[in-house]
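Keep the viewer open as you read.

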Amino acid sequence: MPYALLPDPRAGAQTEAVDYPPAEWQSASSSNYTASDRPGSYAIDRVIIHVTQETYTNTLGIFANPQKKVSAHYLVRSADGHIAQCVHDADIAWHAGNWDYNTRSIGIEHEGWVDQPSYFTDSLYQESAKLTAAVCDKHGILKDRDHIIGHYEVPGTDHTDPGPYWDWVRYIRLVNFA
């Protein structure tokens, strides 16, 4: 077969390198985060756990919409634990509702609703825990509840996520054994 008729080996390839190799790149709009060079500009000392209150696909659309002014570093899909990276770790995602916490954290969104525990699947917990463990290892973050926090624990926030059905004991255990 002539070379010109072969599929482009780059077809479907990511246009950006991800910080967590199992993730796929799904860029947030550059209007929805602050370019930075962390940890040079700001130390990264925590992971903030979120629940989207939206579907996976709609959340990617929100992050890509320059008018929304919101993003997270990663998004975990409920059904299979698939991970999209939307903002590089070095950049500051706008996820915490508190500038100081944004500058010093990695934000991980999880598809689902705080009042619908069926979204918190085994796959979601397992893949998210592997991601969180990798982030903690990379940035020297302790794998405990003082450094892996819920959005509701950010000072000044009015959010309740990840909500009452998020199993923190299970999650921290999975992070530590990942």
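This is a predicted model: local features need pLDDT of at least 70, side-chain atom pairs count only at pLDDT 80 or more; totals for chains, interfaces and linings use all residues.

The N-terminal end of H4 has a cap, and Asp-167 provides it. A side-chain oxygen of Asp-167 is 3.4 Å from the backbone nitrogen of Val-169. The peptide bond joining Asp-161 to Pro-162 is cis, with omega at about 10 degrees.

## Helix H3

H3 is 18 residues, and the distance from its first C-alpha to its last is 26 Å, close to the 26 Å expected at 1.5 Å a residue. Its buried residues are Leu-124, Tyr-125, Ser-128, Ala-129, Leu-131, Thr-132, Ala-133, Val-135, Cys-136 and His-139. Those buried residues pack against E3, E4, E5, E7, E8 and H4. Just past the end of H3 comes Gly-140, with a positive phi of about 70 degrees.

Cys-136 is worth a click. This residue is part of helix H3, and with a relative accessible area of 1% it counts as buried, the cut-off being under 20%. Which residues does Cys-136 touch, not counting those up to four places away in sequence? The list is Val-47, Ile-141, Leu-142, Lys-143 and Ile-148. Take Val-47: 89 residues separate it from Cys-136 in sequence, yet the two are 7.8 Å apart in space, C-alpha to C-alpha.

## The nonpolar cores

The largest nonpolar core has 29 residues, and those with the most contacts inside it are Ile-49, Tyr-74, Ile-108, Leu-131, Ile-148, Trp-166 and Tyr-171. At least two residues of this core come from each of E3, E4, strand E7 (105-110), helix H3 (122-139) and H4. Which element gives the most to this core? That would be H3, with 7 residues. There is also a second, separate core of 11 residues, including Ala-28, Leu-60, Ala-72 and Ala-84.

Leaving aside neighbours within four places in sequence, its contacts include Asp-19, Tyr-20, Ile-83, Ala-84, Gln-85 and Asp-89. Also among them are Ile-106, Gly-107, Ile-108 and Glu-109, along with Leu-131 and Val-135.

## Loops worth a look

Ser-78 is in the loop between E4 and strand E5 (83-85). Is Ser-78 buried or exposed? At 6% relative accessibility, Ser-78 is buried, since the limit is under 20%. Leaving aside neighbours within four places in sequence, Ser-78 is in contact with Glu-111, Ser-118, Tyr-119, Thr-121 and Leu-124.

Some backbone angles also deserve a check. A cis peptide bond links Arg-38 to Pro-39, with omega at about 5 degrees, and Pro-39 falls in the loop between strand E2 (33-34) and strand E3 (46-51). Gln-53 isn't a glycine, but its phi is positive, at about 60 degrees; you'll find Gln-53 in the loop between E3 and helix H1 (56-64). Lys-69, likewise not a glycine, has a positive phi of about 60 degrees, and sits in the loop between H1 and strand E4 (74-76). Relative accessibility is 36% for Gln-53, which counts as partly exposed. Lys-69 is partly exposed too, at 46%.

The chain averages a pLDDT of 93, and 92% of the residues score at least 70.

Note on methods. Residues are numbered from 1 along each chain as its sequence is written. Side-chain values use heavy atoms; hydrogens and water are left out. Helices (H or I, at least four residues) and strands (E, at least two) are DSSP runs, numbered from the N terminus. Buried means under 20% relative accessible area, exposed over 50%, partly exposed in between (1.4 Å probe, protein chains only). A nonpolar core is a set of buried Ala, Val, Leu, Ile, Met, Phe, Trp, Tyr and Cys residues joined through side-chain atoms within 4.5 Å. Contact means heavy atoms within 4.5 Å. The expected span of a helix is 1.5 Å times one less than its number of residues. A polar contact is a pair of N or O atoms within 3.5 Å; within protein, one must be able to donate a hydrogen and the other to accept it, and residues adjacent in sequence count only if both atoms are side-chain atoms. pLDDT is the predictor's confidence in each residue, from 0 to 100.
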